[in-house]
Amino acid sequence: MRVDVIATTMSGSISDWKKVERILPLFASHGYEDVRLHVCESHEEARSAAARAVSEGGQRPISAGGSGTFRAVLEGCMEAKADLDELRLGFLRKGSADLIGKVLEMPDEIEEAISVFARSLKEDQYSSADLLRASSPFSREADRHFLGYGGAEIFGRIPHYTENRFTKYYKGILSQFFGDLGPFTTGMALALVEHVLKSPFRRKREWEIRVDGEVRERGSFRALILVNGYLGPELPFSKAPLGSGDFHLFGLKDLGLRILPTQARKARSGKILEDPDLWGLKSWTAEKSIVLAPKGGGTFPVNVDGATFRAHDEMRFERVGSVKLMSR
């Protein structure tokens, strides 16, 4: 059985970088000889490598990186028009915000992780996850496919700080000292500070939220957070599994700048779920689509699994299928 491991060099902590060189020997120790390692310098390279592997007949691609690498590998599979029923996608945790890897109970230690993959490959063990598509009909951005999370306002600004030309070292150092969510937490803090400083000088954005084709809300929100399902204690808003057949949007209402830091802190810890009305948390569940449309239109940043999407006039999220993920 052919296995393709697509690893990005800029993902993960400094100690994570050493995992790559051990992948092939560990797979060989489990009897897997046809394992092809594709080491990539960027997410774009990872996408191309995944597309080539699937086009050549590979049906067991494994992403070795964080959420950005995983999204790139998924996009490569979609680009190659993979048969999603036959595809088994793996997540080797070597990056920041590797939330899906944790939900799949993939170990952080490389030896145990390869053991899980070997067993999953042999026994065809997998978990299903709904496939989401992000698009903006009036933007020049190409559609994107993802499995995890998205968002706008403060949440949409986070990738501006977590994805930059010094990504490898920036993420490596932060992850080494503060864990794999170090870059995400830092990006969220910087986006929050930016929002507070600029808020007095700009007009509040009014949003229209449409769920499965119906207008469900109009109002101002400090953050809009979309999740495919339960993504662990770091994004605990939904308790539904990733393959539940629906997905979820959470909005942090504008209760004033004085309350915002507490709102953000409680949202980050998940404690906001204990009293959502008090802290201005609203939620919606969709089976087919969620559309975010700012009053007056314009261009705005959207977070799609940790990357910036420049939407124009409206942003559309749709459930378009499902994929099978190697798991414990």
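Two residues are in contact when heavy atoms lie within 4.5 Å. The model is predicted. Ala152 lies in strand S7, residues 149-153. Setting aside neighbours within four places in sequence, Ala152 is in contact with Trp207, Ala223, Leu224, Leu292 and Pro301. Leu224 is 72 residues from Ala152 in sequence. In space, their C-alpha atoms are 5.0 Å apart. Is Ala152 buried or exposed? Its relative accessibility is 0%. Buried means under 20%, so Ala152 counts as buried.

Now step back to the whole protein. There are nine helices and 15 strands. Of the 328 residues, 57% are buried. The protein exposes about 14400 Å². Carbon and sulfur atoms supply 50% of that area. The contacts reach along the chain as well. Take those between residues at least 6 apart in sequence: 75% of them join residues at least 24 apart.

Phe27 is found in helix H1, residues 23-29. The relative accessible area of Phe27 is 1%, so this residue is buried. What does Phe27 touch, beyond residues up to four places away in sequence? Its partners are Val3, Val5, Tyr32, Val35, Ile62, Ile114, Phe117 and Leu121. Val3 is 24 residues from Phe27 in sequence. The C-alpha atoms of Phe27 and Val3 are 9.6 Å apart.

Next comes a helix pair. Helix H2 covers residues 43-55, and helix H3 covers residues 67-79. They pack at an angle of about 40 degrees, and their axes are 7 Å apart. That angle makes H2 oblique to H3. The oblique class begins where roughly parallel ends, because angles under 35 degrees count as roughly parallel. The crossing of H2 past H3 is right-handed. Which residues make the contact? From H2 come His43, Ala46, Arg47, Ala50, Ala51 and Val54. H3 contributes Gly68, Thr69, Arg71, Ala72, Val73, Glu75, Gly76, Cys77 and Glu79.

Follow the chain past H3 to a matter of backbone angles. Most residues other than glycine have a negative phi. Lys81 has a positive one, near 55 degrees. Lys81 sits in the loop between H3 and strand S4, residues 90-93. Its relative accessible area is 72%, so Lys81 is exposed.

Asp124 also has a positive phi, near 55 degrees, and is a residue other than glycine. Where does Asp124 lie? Asp124 is in the loop between helix H5 (110-123) and strand S5 (126-135). At 35% relative accessibility, Asp124 is partly exposed.

Lys102 belongs to helix H4, residues 99-103. Its relative accessibility is 25%, and Lys102 therefore counts as partly exposed. How far from the C-alpha atom of Lys102 is that of Ser327? The separation is 9.9 Å. Along the chain, Lys102 and Ser327 are 225 residues apart.

Helix H9 shows how burial can be arranged around an axis. H9 spans residues 260-269. Leu260, Gln263, Ala264 and Ala267 of H9 are buried. Why do these buried residues line one face of the helix? Seen down the axis of H9, they fall within an arc of 95 degrees, so they share one face.

Gly270 follows H9. The phi of Gly270 is positive, near 90 degrees. Further on is Leu273, in the loop between H9 and strand S11, residues 281-286. Leu273 has 30% relative accessibility, so it counts as partly exposed. Apart from neighbours within four places in sequence, Leu273 is in contact with Pro236, Phe237 and Leu281. Phe237 is 36 residues from Leu273 along the chain. Their C-alpha atoms are separated by 7.2 Å.

Definitions and conventions. Residues are numbered from 1 along each chain as its sequence is written. This is a predicted model: local features need pLDDT of at least 70, side-chain atom pairs count only at pLDDT 80 or more; totals for chains, interfaces and linings use all residues. Side-chain values use heavy atoms; hydrogens and water are left out. Helices (H or I, at least four residues) and strands (E, at least two) are DSSP runs, numbered from the N terminus. Buried means under 20% relative accessible area, exposed over 50%, partly exposed in between (1.4 Å probe, protein chains only). Accessible areas come from the Shrake-Rupley method with a 1.4 Å probe; for residues, only the protein chains shown count as cover. The arc is that of the directions from the helix axis to the C-beta atoms. Axes are lines fitted to C-alpha atoms, for helices over the stretch in contact, and angles run from 0 to 180 degrees between N-to-C directions. Angles under 35 degrees count as roughly parallel, over 145 as roughly antiparallel, 65 to 115 as roughly perpendicular and the rest as oblique. A crossing is left-handed if the near helix is turned anticlockwise from the far one by less than a right angle, and right-handed if clockwise.
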